[in-house]
Amino acid sequence: AMRLPPLPVSEYEGRVLRLQAEMARADLDVFVGYSSESESAISRYLNGFWPFFDFCATVVPARGKVALVTGAGSQIGFGKAIALSLAEEGCDVAVNDINLEDARKTAAAVEKLGRKSVAVKADVTSDTAWTDMVKQVVDRFGKIDILVNNAGIGLIRPVAEASEEEFDRLADIDLRGMWLCCKYAIPHMRRQKQGSIVNIASVHS
């Protein structure tokens with residue numbers, strides 16, 4: 001499990017509130033609990049429940065790094081919030097999505113924060129698409145320091161009613177897509193002798 005050094009309560013609150021504001025704009029609810037007992041209590045809670053809140057600042061010194069975030073085009077998902085959080089911490093961000101126009105919107109938001117960005121259209125289930133995407137990012141920025149595997153879908157349907165085609169698509173995006181992300185990013189990280197990968201899972205995967 002990822003363990004994070006404790007931060008002041010005010011710092012946690014600020015990061016939580018930023019994410020809540022982002023989700024509120026998309027009409028989504030974010031559950032976050034607080035404890036007034038101590039900073040360590042809040043630290044333990046957030047360590048276990050929302051480790052990516054402090055991924056940027058406490059696990060990886062982000063300033064000057066290059067991040068690739070998949071599934072970051074949607075304006076109602078975590079991908080955009082993660083991309084913007086990384087940009088706020090000093091990262092240049094490559095924004096991937098199957099919808100190029102949505103990816104461009106997130107990339108433009110990153111650039112408004114003063115960081116460089118590029119929108120890359122790619123199907124995360126495609127071997128060829130991943131080869132091309134990683135090449136585009138490396139050609140543009142020269143490296144990939146951080147990979148956030150965020151792309152994913154859900155299947156809200158009773159198991160007995162789901163079709164094989166629906167299951168195969170779910171497995172392709174949520175499982176195979178994550179594996180391909182790692183497969184093509186890791187060689188670059190090995191050559192750099194450093195790199196960080198964040199895999200975001202769900203009950204569907």
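How many helices and strands does the protein chain have?

## Overall make-up

The protein chain has 7 helices and 5 strands; helices (H or I, at least four residues) and strands (E, at least two) are DSSP runs, numbered from the N terminus. Their order from the N terminus is α-α-α-β-α-β-α-β-α-β-α-β.

This is a predicted model, in which local features need pLDDT of at least 70 and side-chain atom pairs count only at pLDDT 80 or more, while totals for chains, interfaces and linings use all residues. Residues are numbered from 1 along each chain as its sequence is written, and side-chain values use heavy atoms, with hydrogens and water left out.

## Burial and cysteines

Of the 205 residues in the protein chain, 42% count as buried. Buried means under 20% relative accessible area, exposed over 50%, and partly exposed in between (1.4 Å probe, protein chains only).

The structure holds 0 disulfides, a disulfide being a pair of cysteine sulfur atoms within 2.5 Å. Cys-182 is in no disulfide; its nearest cysteine sulfur belongs to Cys-181 and is 6.5 Å away. Cys-182 is buried, because its relative accessible area is 15%. Cys-91 is also buried, with a relative accessible area of 0%.

## A negative surface patch

Asp-123, Glu-164, Glu-165, Asp-168 and Asp-172 form a patch of negative charge on the surface. Patches are made of residues with over 30% relative accessible area and no salt bridge, like charges being joined within 9 Å. A salt bridge is a side-chain nitrogen of Lys or Arg within 4 Å of a carboxyl oxygen of Asp or Glu.

Glu-164 lies in helix H7, which covers residues 164–192. Glu-164 is exposed, because its relative accessible area is 65%.

Conventions. Patches are made of residues with over 30% relative accessible area and no salt bridge: like charges are joined within 9 Å, nonpolar side chains (Val, Leu, Ile, Met, Phe, Trp, Tyr) within 5 Å. Accessible areas come from the Shrake-Rupley method with a 1.4 Å probe; for residues, only the protein chains shown count as cover. Lys and Arg count as positive and Asp and Glu as negative; His and the chain ends are not counted. The place of a charge is taken as NZ of Lys, CZ of Arg, CG of Asp or CD of Glu.
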